[in-house]
Amino acid sequence: MTKAQWLEIINRRQDFYVEQLKEMLVGQGFRKHIYFNSPTGTGKTVMIAKLMAILQASDFFFIVTTLSRGGLNKQVSSSLERLSKADNFVVFGVSSFTKSTKLQGNDIERAIPTGKKLVWIRDEGLLCRI
């Protein structure tokens, strides 16, 4: 099997699961909490971007948090911007919440547009919450 054929299979599988996640957020299968686990390197960020792009025109806003103390949050944010072309999200990392930072809970609240449903995605053990 060629690389292109494998990528097509992976993309179809990702699209299937993104559609399942969307259904759990907006459809008949609504869930308040969704736990989605996938090993490192399997395309979670791509799937998050696809979900954001699908829900961009609706009333959803995403907060993405990462466990990394380094610059992973900037890398995730850059990837999501590039992949989803959406503007319905903000990304925070552990480094955003140190004693020396000025970021507070109110800053996060102010980042959420009025009238939007919040989806919190906790990278490294994806948790979607409305």
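Predicted model: local features only at pLDDT ≥ 70, side-chain atom pairs only at ≥ 80, totals over all residues.
**Stop one: α1**

Begin by selecting residues 3–26, which form helix α1. Its 24 residues reach 34 Å from the first C-alpha to the last, close to the 34 Å expected at 1.5 Å a residue. Now show the side chains of Gln14, Val18, Leu21 and Leu25: these are the buried residues of α1.

**Stop two: Lys44 in α2**

Next, move to helix α2, residues 44–55, and pick out Lys44. Is this lysine buried or exposed? Lys44 counts as buried because its relative accessibility is 11%, and the cut-off for buried is under 20%. To see what surrounds Lys44, display Phe36, Ser38, Pro39 and Asp123, which Lys44 touches when residues up to four places away in sequence are left aside.

**Stop three: α3**

Now select residues 72–84, helix α3. This helix has 13 residues and spans 18 Å from its first C-alpha to its last, close to the 18 Å expected at 1.5 Å a residue. Colour its buried residues: Asn73, Val76, Ser77, Ser79, Leu80 and Ser84. Look down the axis of α3 and you will find that they fall within an arc of 165°, so they line one face of the helix.

What covers these buried residues? Show α2, β2 (60–66) and β3 (89–93), which are among the elements that do. Then turn to the face of α3 that points away from its buried side, where Lys74, Gln75 and Arg82 are exposed.

Finish at Lys85, which follows α3 and has a positive phi, near 55°.

Key: Residues numbered from 1 in each chain as written. Heavy atoms only, no water. Helix = DSSP H or I, 4+ residues; strand = E, 2+ residues; numbered from the N terminus. Buried < 20%, exposed > 50% of the residue type's maximum accessible area, 1.4 Å probe, protein only. Contact = heavy atoms within 4.5 Å. Expected span 1.5 Å × (residues − 1). Arc of directions from axis to C-beta.
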